Amino acid sequence: MTKTEGFLKEAFAGESQANRKYLAFAAKADQEGYSQVARLFRAVAGAETIHAHSHLRALNGIRSTKENLQEAIAGETHEFKEMYPEMIEAAKSEGQKVAERSFNYANLVEKVHAQLYQKLLDNLGKPQENYSYYICPICGYTAEKQAPGKCPICGAKGEMFKKID
Ligand SMILES: [Fe+2]
Ligand SMILES: [Fe+2]
């Protein structure tokens, strides 16, 4: 890896994190009644996404949809097979309950994500079906076609799920 490639990866990670952080800060500012601050956090978050995507393109990180699905499956699989199990163990042994729950929810959901991606990868050459996804606002559990009555991972009510068209 060249120095520039390493910096592009670092900058992509940093800009991606800034985007998610600013969106969380915007929601908090809205809760506290600071609507203009919220707007600025959302505006800058949008700009950070532009930076992140530009760095990713410079890394040739966006390929064909088939390759992108394969990469997504590999990433999700790494997370539930290696990354989160180790993190869950560490949180358990350090008595960090909040972190343990957070890792555990993500771990369980990544497995579902890998399956959802795999299904569309397997069907890539075939006529496309069109349907929505529903995501749990607590644990991120992702359902196809309709929200479950109750989240199978965290127990949240199905009415709370967010529809993705
Ligand atoms: Fe995931
Ligand atoms: Fe959930």
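## A guided tour from the sheet to the pockets

Begin by selecting strand β1 (residues 133-135), which runs antiparallel to β2 and is joined to it by three bridges. Strands here are DSSP runs of E with at least two residues, helices are runs of H or I with at least four, and both are numbered from the N terminus. Two strands count as paired if DSSP finds at least two bridges between them. The model is predicted: local features need pLDDT of at least 70, side-chain atom pairs count only at pLDDT 80 or more, and totals for chains, interfaces and linings use all residues. Residues are numbered from 1 along each chain as its sequence is written, chains are lettered from A and ligands numbered from 1 in the order in which they are written, and side-chain values use heavy atoms, with hydrogens and water left out.

**The sheet.** Within this pair of strands, Ile135 stands opposite Thr142 of β2.

**The whole chain.** Zoom out to view four helices and three strands, arranged from the N terminus as α-α-α-α-β-β-β. Along the principal axes, the C-alpha atoms fill a box of roughly 45 × 40 × 40 Å.

**The pockets.** Select Arg20, Gly61, Asn68, Leu69, Glu71, Ala72 and Tyr117 to display the lining of the largest pocket. A pocket is an open set of points on a 1 Å grid over the protein atoms alone, where a 1.4 Å probe fits, with protein on both sides within 12 Å along at least five of seven lines; lining residues have an atom within 4 Å of a point. The volume of the largest pocket is about 360 Å³, a volume being the space filled by probe spheres set on the points. Helix α3 (residues 65-93) gives the most to this lining, with four residues.

The second largest pocket holds about 290 Å³ of space. Among its 13 lining residues, Leu120, Asn123, Gln128, Glu129 and Tyr131 are the closest to its centre. Helices α3 and α4 are the elements that give two or more residues to this lining.

**An aromatic pair.** Finish at Tyr22 and Phe25, whose ring centres are 6.4 Å apart with planes at 45°, so the pair is tilted.

Terms used:
Rings of Phe, Tyr and Trp (its six-membered ring) pair if their centres lie within 6.5 Å; planes under 30 degrees apart count as stacked, over 60 as edge-to-face and the rest as tilted.
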